[in-house]
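Please look through the structure shown below before reading on. The paragraphs that follow take its parts one after another.

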Amino acid sequence: MRKVSAFNIATIAAGMAFLYLPIAILVIYSFNASRLVTVWGGWSVHWYGELLADAPLVRSALISLRLALTAATAATILGTLAALALVRFGRFRGRLLFSAMIYAPLVMPEVITGLSLLLLFVAVAVDRGFWTVAIAHTTMAMCFVTVIVQSRLVDFDRSLEEAAMDLGASPLRTFLSVTLPLILPAIAAAWMLAFALSLDDLVIASFTTGPGATTLPIRIYSEVRLGVKPEMNAVCSIMVGVVGVAVIIASLLSKLTGARGAPSQ
Amino acid sequence: MTNAMTMPPGDDAAIRAQPSAWRKLVVRIPYVWLIAFFLIPFLIVLKISLSQTALAQPPYTPVFDLAAGWRGLVGFFSGLSLDNYRLLASDPLYVLSYVKSVEIAAFSTLILLFIGYPIAYAIARMPRRWQAALLLLTILPFWTSMLIRIYAWMNILQHDGPLNQALLALGLVKEPPVWLATQTAIYIGIVYSYLPFMVLPLYASLEKIDAALIEAATDLGCPRWKTFWLVTLPLSSAGMVAGVLLCFIPIVGEFVIPDLLGGSSEPMIGQTIWMEFFANKDWPAASAVAVVLLCLLVTPIVVYQNQTMRAEARD
């Protein structure tokens with residue numbers, strides 16, 4: 001058996017402290033009663049109340065939610081199809097270009113993705129707004145979905161499908177009643193991660209947005225550029241909470257069925 | 001595979017022929033989407049980087065005019081020029097911006113490797129049942145917005161923020177040091193934001209190492225540091241390459257971190273693209289900066305893709 005060394009535990013503890021302390025401080029200060037962000041004035045939920053009264057902020061939050069729902073759903077459908085194509089179809093024509101287009105966006109600097117999509121929208125002369133951001137987020141998130149669903153499909157026991165086909169089920173029927181239920185947890189996990197990605201994005205949304213579609217991160221960015229504000233501590237804490245819950249549910253879902261490495265990369 | 005062997009050839013052909021319409025659709029829908037919204041936009045960036053700034057909407061010429069037919073096409077190509085690239089090469093501001101971005105990305109990737117390796121190693125050495133939870137804890141911050149994580153550091157690093165308060169209370173400094181708008185703050189922000197990207201691939205390759213190999217080395221009298229150096233480290237090289245690329249490539253083009261934590265006096269290249277685009281409204285220049293950035297990154301991106309595809313082929 002492996003024995004747990006004290007040095008390794010200390011390393012992990014230090015690493016986790018580094019990762020979580022800043023977020024913890026942010027959340028704690030969001031409950032600070034004082035208007036001065038650096039002076040502790042006792043516990044209070046005052047700033048959370050202020051948020052609800054801030055109409056443009058609430059509007060942006062609703063836009064971001066609607067956007068994340070739309071983009072995550074579209075990205076999940078497209079990404080799942082792409083994963084099926086990559087895992088099941090062997091060497092189809094143009095596979096190299098296809099997988100290159102799947103993996104490149106994962107590391108592409110966001111400024112380039114944002115700029116290029118904006119120039120496309122300008123070239124085809126569409127009005128920028130909610131739908132252009134939705135398309136941009138779908139494109140970015142679908143590659144993450146593909147990677148997650150792909151890892152589930154690779155582990156998949158093909159003999160179950162073969163059994164269904166041997167018993168006379170059509171390929172479509174086999175897919176709907178055997179394949180889909182088995183990869184559904186991975187798809188659900190991917191949807192939630194796509195949701196989180198869209199909700200968080202600042203750079204791509206800034207390029208592709210238009211009048212009337214100011215997302216929550218864009219609004220937060222324009223506020224925090226000028227410095228730390230107690231209201232922003234509160235709104236950021238809420239976002240950390242929402243995304244944290246989504247990711248934990250996603251990883252429990254994928255663990256349930258033993259999909260390996262679900263939320264990785 | 002087994003399917004094809006156990007079934008009579010006729011049946012197999014029938015099964016293959018039937019779903020082909022579906023198969024085509026499954027490939028084509030995401031394929032067309034990616035071509036339309038990933039590949040074509042890049043070609044447009046390339047084209048606009050060869051155009052000239054104009055006081056019009058869209059603010060560049062030549063504009064491709066389909067109605068003008070062949071003449072339009074000729075006029076379009078003769079209107080292209082390399083002026084934007086000449087501008088990039090001649091203006092030290094751009095050159096410095098590229099050099100600085102690559103330098104910051106290289107150093108911070110190195111720091112990330114040195115911090116990330118012990119953490120990944122320690123997680124891989126924990127009892128199995130803890131590993132999944134520890135990994136989840138490592139990944140979790142990655143899914144919260146980069147903007148929020150950087151904002152959290154703005155909180156900590158501000159002049160009378162928690163860090164300086166702690167340093168003063170401990171008597172480590174007499175005067176509170178300035179953190180924000182410095183290079184140090186950029187490095188802190190980058191290392192903080194990209195740590196999960198480094199730990200994950202390292203963990204993946206460390207976890208695969210057969211414990212028997214290490215036992216064998218120890219049994220044969222190899223000291224622990226030497227076992228690590230001769231066995232563990234080389235076997236985790238794939239993870240190191242993946243982690244380094246996964247960090248280096250996006251860091252070069254980083255925008256949010258240098259914009260909020262660093263100053264604007266020496267912008268990184270991501271900030272330069274942003275400024276050319278939003279402040280100066282010089283779209284052709286912004287596109288040219290982006291194209292050169294892509295050329296800088298194309299080698300690491302291709303290496304990264306080869307790695308992922310090889311890993312995919314192994315699975």
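Which pattern does chain A follow when it is read along the sequence? In this predicted model, chain A follows the pattern α-α-α-α-α-α-α-α-α-α-α, and the count that goes with it is 11 helices and zero strands. Along its principal axes, the C-alpha trace of chain A spans about 70 × 65 × 30 Å. Of the 265 residues in chain A, 48% are buried, a class that asks for 20 or more other C-beta atoms within 10 Å of a residue's own.

We can now turn to the place where the two chains touch. Chain A brings 70 residues to this contact, and chain B brings 79 residues. On the side of chain B that touches chain A, the element that gives the most is helix 3, residues 20-49, with 18 residues. When that side of chain B is sorted by class, it has 62 nonpolar residues, together with 12 polar and five charged ones.

Finally, two loops of chain B hold residues with a backbone angle worth noting. A181(B) lies in the loop between helix 9 (162-169) and helix 10 (183-208) of chain B, and its phi is near 60 degrees, a positive value in a residue other than glycine. K281(B) is found in the loop between helix 15 (269-279) and helix 16 (283-314) of chain B; although K281(B) is not a glycine, it has a positive phi of about 55 degrees. Why does K281(B) count as exposed? K281(B) counts as exposed because it has 12 C-beta neighbours inside 10 Å, and a residue is exposed with 12 or fewer. A181(B) has 14 C-beta neighbours inside 10 Å, and therefore counts as partly exposed.

Technical notes. Residues numbered from 1 in each chain as written. Chains lettered and ligands numbered in written order. Predicted model: local features only at pLDDT ≥ 70, side-chain atom pairs only at ≥ 80, totals over all residues. Contact = placed C-beta atoms within 7 Å. Helix = DSSP H or I, 4+ residues; strand = E, 2+ residues; numbered from the N terminus. Nonpolar A, V, L, I, M, F, W, Y, C, P; charged D, E, K, R; others polar.
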